[in-house]
Amino acid sequence: MNERQQIPAESLVSRLMGEGRKMLSFGLIGAGNGVVNYAITVGVTLMVLAPLGLSTNDVALGAAKALGWMVAVSNSYLFNTLFTFAAESGRRLTWPTYWRFVASGTVGLTIEVLSFLFAVRYLPLSLAAIVPIGLAFVANFAMARIFVFSGGR
């Protein structure tokens, strides 16, 4: 690597700090939307499915969970567009970007489920449930950063 190709140390530190702030913002938004997902799933189950006698029906429960996930992902797209990746997105909400965000979230969800199914065979349940969340967080952030909010790079 010649001198022109080397990144000055202060520039590298600055970029890492910027990515760290984005990752923190992404994580806080994700945690908030975990609460949204939970509240919608439990709320629909208790207030809609239970009175209809469907609180043990797998299809109905799956629909409640899917609704919670979709609202949370949509909310996450909104807040990450407006705050975390504001510079890259121009704070513009668009359908193509939204669908890329949903697709990247689906990849993260798949990684979380598959890594949980692997981890639960070798770790206590309490730890096996946590490890995949960390893996999915890194995957979701990377997917959002690279494929959704790349800023034209």
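Let me begin with the conventions. The model is predicted, so I use local features only at pLDDT of at least 70 and side-chain atom pairs only at pLDDT 80 or more, while totals for chains, interfaces and linings use all residues. Residues are numbered from 1 along each chain as its sequence is written, and side-chain values use heavy atoms, with hydrogens and water left out.

Helices here are DSSP runs of H or I with at least four residues, numbered from the N terminus.

Which residues of α4 are buried? They are T97, Y98, F101, V102, S104, G105, G108, S115 and A119. Buried means under 20% relative accessible area, exposed means over 50%, and partly exposed lies in between, with a 1.4 Å probe and protein chains only. The buried residues of α4 pack against α1 (9–49), α2, α5 and α6. One of them, G108, has 1% relative accessibility and therefore counts as buried. G108 is in contact (heavy atoms within 4.5 Å) with A136 and N140, leaving aside neighbours within four places in sequence. The C-alpha atoms of G108 and N140 are separated by 5.2 Å, although the two residues are 32 apart along the chain.

In α2, the buried residues include G68, W69, S76 and Y77. Their cover includes α1, α3 (86–89) and α4. S76, at 10% relative accessibility, touches I29, N33 and F101, not counting residues up to four places away in sequence.

Next, the core. The largest nonpolar core has twelve residues: F26, W69, V73, Y77, F85, Y98, F101, V102, F141, A144, V148 and F149. Such a core is a set of buried Ala, Val, Leu, Ile, Met, Phe, Trp, Tyr and Cys residues joined through side-chain atoms within 4.5 Å. The elements giving two or more residues to this core are α2 (58–84), α4 and α6. Beyond neighbours within four places in sequence, Y77 is in contact with R92, L93, T94, T97, Y98, F101 and F149.

How many salt bridges does a search of the whole structure find? There are three, each a side-chain nitrogen of Lys or Arg within 4 Å of a carboxyl oxygen of Asp or Glu. E19 and R145 meet at 2.9 Å, N to O; this pair links helix α1 to helix α6, 126 residues apart. E88 pairs with K22 at 3.2 Å, joining α3 to α1 across 66 residues, and both E88 and K22 are buried. E88 also bridges to R145 at 3.3 Å.

Finally, the surface. V107, I111, F118, Y122, L123, L127, I130, V131 and L135 make a nonpolar patch of about 810 Å². Nonpolar patches join side chains of Val, Leu, Ile, Met, Phe, Trp and Tyr within 5 Å, from residues with over 30% relative accessible area and no salt bridge; areas come from the Shrake-Rupley method with a 1.4 Å probe. α4 gives the most, with three residues.

Note on methods: Patches are made of residues with over 30% relative accessible area and no salt bridge: like charges are joined within 9 Å, nonpolar side chains (Val, Leu, Ile, Met, Phe, Trp, Tyr) within 5 Å.
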